[in-house]
Amino acid sequence: MVNKEEAKIVKKIYRYFLKGNTPYKFARMLTEGGIPQYYVEKNHEPIIEPKVWDYVQ
């Protein structure tokens with residue numbers, strides 16, 4: 001089942017991207033708008049090695 005509040009955020013992210021904003025800029029815009037960033041640990045096997053993830057962040 002789709003969480004309607006989370007779906008709004010996802011749609012907003014896509015709109016920001018399609019308008020030419022960088023991922024950094026729309027992440028900042030979301031954070032400044034009161035939408036927190038999440039980092040979930042040990043929920044599943046990492047897709048990206050943690051060292052690489054940390055370096056890219």
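This is a predicted model: local features need pLDDT of at least 70, side-chain atom pairs count only at pLDDT 80 or more; totals for chains, interfaces and linings use all residues.

Tutor: Residues are numbered from 1 along each chain as its sequence is written, and side-chain values use heavy atoms, with hydrogens and water left out.

Student: How many helices and strands does the protein chain have?
Tutor: The protein chain has 3 helices and 0 strands, taken as DSSP runs (H or I of at least four residues for helices, E of at least two for strands) numbered from the N terminus.

Student: At what angle do the axes of α1 and α2 cross?
Tutor: The axes of α1 (residues 4–18) and α2 (residues 23–32) cross at roughly 140° and come within 10 Å, the axes being lines fitted to C-alpha atoms over the stretch in contact, with angles from 0 to 180 degrees between N-to-C directions. That makes α1 oblique to α2, since angles under 35 degrees count as roughly parallel, over 145 as roughly antiparallel, 65 to 115 as roughly perpendicular and the rest as oblique.

Student: Which residues make the contact?
Tutor: Lys12, Ile13, Tyr16 and Phe17 of α1 meet Phe26, Met29 and Leu30 of α2, where contact means heavy atoms within 4.5 Å.

Student: New topic: is Met29 buried, partly exposed or exposed?
Tutor: Met29 counts as partly exposed because its relative accessibility is 27%, given that buried means under 20% relative accessible area, exposed over 50% and partly exposed in between (1.4 Å probe, protein chains only).

Student: And what does Met29 touch?
Tutor: Leaving aside residues up to four places away in sequence, Met29 touches Tyr16 and Asn21.
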